[in-house]
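Dear colleague,

Please find below the structure I am handing over to you, followed by a summary of what was found in it.

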Amino acid sequence: MKYTRLTKEQFEELHPEFINFLASQSIDKAEWDSIKENKPEVAEQELDVFSDLIWEGVLTRAEFLEHFSKNHIFLFQCFDTYVNSIVLKSLVPEVDFLTKEGLQWLSDNMFTETIEMKIGKKVFTEERNTSIFALIQQGAILSDGQLYQQINSIIESQ
């Protein structure tokens, strides 16, 4: 496998797509039930192939990622060959960006000495999707990019 197998919940959510995937290989429900029963290793392989296909599609379309922790926010914009990042760090240890109050504090203190902001760019050293998947494995989630774009436009206007 190139990525990881989808969770049971993800498979349930993607049930129609999985049926189409099996149908594209001329596997109907009766045959799938037989494969699961008699050749579980083949069933496992099919689940892995489907998972990789789904991940590949999601990662190919991914443009923005976010990763929030107690005192840091990592914002990423992904391009074909590199990723731009904005990292915000609270220099006030009791602030918690995982709470509504912490995010309000960030909004009120964004351009003060209590927030350390770093901007970066990293060229992908591995294949793009593999690099993005690594960020997700570390806790990043896909986002609409609204926060990244807001902060980036403020930075660019200064």
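The largest nonpolar core of this predicted model holds 26 residues, and those touching the most other members are Phe18, Trp32, Phe50, Trp55, Leu59, Leu65 and Ile132. At least two residues of this core come from each of helix H2 (15-24), helix H3 (29-38), H4, strand E2 (72-78) and H6. The largest contribution is that of H4, with five residues. Apart from this core lies another, of 15 residues, including Leu75, Leu88, Leu106 and Tyr148.

Leaving aside residues up to four places away in sequence, Ile132 touches Leu59, Ala62, Leu65, Cys78 and Phe124.

Regarding the helices, H4 (residues 40-61) packs against H6 (residues 128-137) at an angle of about 95°, and their axes are 9 Å apart. The two helices are therefore roughly perpendicular to each other. On the H4 side, Trp55, Glu56, Leu59 and Thr60 meet Arg128, Asn129, Ile132, Phe133 and Ile136 of H6. By class, this contact comprises five nonpolar, two polar and two charged residues.

Turning to the strands, E2 pairs with strand E1 (residues 64-68) in the antiparallel sense over five bridges, and His67 stands opposite Phe74 in E2. E2 also runs antiparallel to strand E3 (residues 82-90), to which seven bridges join it; here Gln77 stands opposite Asn84 in E3. A hairpin of three residues links E1 to E2, and a hairpin through three residues joins E2 to E3. Five of the seven residues of E2 are buried, so this strand is largely enclosed by the rest of the structure.

Yours sincerely

Key: Residues numbered from 1 in each chain as written. Predicted model: local features only at pLDDT ≥ 70, side-chain atom pairs only at ≥ 80, totals over all residues. Heavy atoms only, no water. Axes fitted to C-alpha atoms, helices over the stretch in contact; angles between N-to-C directions. Helix = DSSP H or I, 4+ residues; strand = E, 2+ residues; numbered from the N terminus. Parallel < 35°, antiparallel > 145°, perpendicular 65-115°, else oblique. Contact = heavy atoms within 4.5 Å. Nonpolar A, V, L, I, M, F, W, Y, C, P; charged D, E, K, R; others polar. Core = buried A, V, L, I, M, F, W, Y, C linked by side-chain atoms within 4.5 Å. Buried < 20%, exposed > 50% of the residue type's maximum accessible area, 1.4 Å probe, protein only. Pairing = 2+ DSSP bridges.
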